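Subject: Structure handover

Hello,

Here is the structure we talked about passing on.

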Amino acid sequence: MRKACSDKIVDMALSDPRIVFVGSDLGAGAMAQFQTQSPERFFMEGISEQHIVGFAAGLAMEGFVPIVNTIATFLTRRAFEQIAMDIGLHNVPVILMGNGAGLVYAHLGPSHLAIDDIGLMRLVPGMTVLCPADSTEARLLLEQAIDNQTPTYIRIGPANPPDLPHQHVPPVIGVPATLLDAEEVIIFSTGFASHQALAAAHLLRTQGIDAGVVHVHSVKPLYLDELMDRLTKARLIVTVEEHNRTGGLGSALLEGLSDAKVPCPVFLRLGLEDCYPDGYGNQAYLVEKYGLSAEKIAQAVRATYLSI
């Protein structure tokens, strides 16, 4: 997914001289094509996340559109004050790309696991928070983010995820995408977790439970107007995310329903509980451990549905 975004940045920079790339410790050869074609707009600043955010904000104030890219945990935690004060307060169009969404960097341990980044970025006034599920969606959302000229955080997932089955309808920032329609159970998911949610919904249907999936590629803003009729009729609403249950998609959806004064049916939030993930392995290992595999999602949904 990161390579897809990198290729898109190179393409857009050819025709848009405002675009500047600012990286932090991405390794030798990263964005080499951009560096070759536009060396005056390429900066690899080492392990200095607070500096690169302030630097990017200054570039944006001068009319550039900086794209900052580094590991999600270091970008959102270490540089949070600079994001809030330099980017958010001045409402400048800096694009923040956080690598290693959710549990992607499972082999590197809790310091590299981005399980609170959605919550942190949602707190910044004016910040758009995007969580694409595949490379095609990531490219399209990146292009929209640049056109929109607003502060934006894009959560970058695993390297080569398959495309979700909705690419004939381009994503629109703020508008959730229905992948599988249903009335009884509606599963809202975001980022790479949407692949697991979709598989879980198909499994539930084989068990006689009418389950559908709504993919939320934009956690902020999150427009629910077109879904209100279905939400009020559903027996069970579920959220699935590779993120702490506090502050993520589940929180955003509950807040949206509360603000719209929608009578809420039974609500089940699936994600990491109040913890730092432990254990080492690959993403699939931790997804299974924390109950976010398709089978574990289906089990949790089925148990809740049958208890209603």
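Predicted model: local features only at pLDDT ≥ 70, side-chain atom pairs only at ≥ 80, totals over all residues.

**Helix H12**

Start with H12, which runs over residues 294–307.

Which residues of H12 are buried? They are Ala294, Ile297, Ala298, Val301, Thr304 and Tyr305. These residues cover an arc of only 140° around the axis, so they sit on the same side of H12. The face turned away from that buried side carries Gln299, Leu306 and Ser307, which are exposed.

What covers the buried residues of H12? The cover includes two elements given by residues 185–189 (strand S8) and 193–206 (helix H8). It also includes strand S11 (236–244) and strand S12 (266–272).

**H8 against H12**

The axes of H8 and H12 come within 8 Å and cross at roughly 55°. That angle makes H8 oblique to H12. The crossing is right-handed. On the H8 side, the contact is made by Gln196, Ala197, Ala199, Ala200, Leu203 and Leu204. On the H12 side, Ala294, Glu295, Ile297, Ala298, Val301 and Arg302 take part. Ala294, Ile297, Ala298 and Val301 are also among the buried residues of H12.

**Histidine 243**

Now go to strand S11, where histidine 243 is found. Is histidine 243 buried or exposed? Its relative accessibility is 0%, so histidine 243 counts as buried.

Its contacts reach well along the chain. Leaving aside residues up to four places away in sequence, histidine 243 touches Ile115, Asp116, Asp117, Ile118 and Gly119, among others. Its list of contacts also includes Arg155, Gly248, Gly271 and Leu272. Glycine 102 is 141 residues from histidine 243 in sequence, yet their C-alpha atoms are 5.8 Å apart in space.

**H3 and H5**

The last item is another helix pair. Helix H3 covers residues 49–61, and helix H5 covers residues 80–88. They pack at an angle of about 5°, with their axes 9 Å apart. H3 and H5 are therefore roughly parallel to each other. H3 brings Gln50, Val53, Gly54, Ala57 and Met61 to the contact. H5 brings Gln82, Ile83, Asp86 and Ile87.

Best wishes

Conventions: Residues numbered from 1 in each chain as written. Heavy atoms only, no water. Helix = DSSP H or I, 4+ residues; strand = E, 2+ residues; numbered from the N terminus. Expected span 1.5 Å × (residues − 1). Buried < 20%, exposed > 50% of the residue type's maximum accessible area, 1.4 Å probe, protein only. Arc of directions from axis to C-beta. Contact = heavy atoms within 4.5 Å. Axes fitted to C-alpha atoms, helices over the stretch in contact; angles between N-to-C directions. Parallel < 35°, antiparallel > 145°, perpendicular 65-115°, else oblique. Left-handed = near helix turned anticlockwise from the far one by under 90°.
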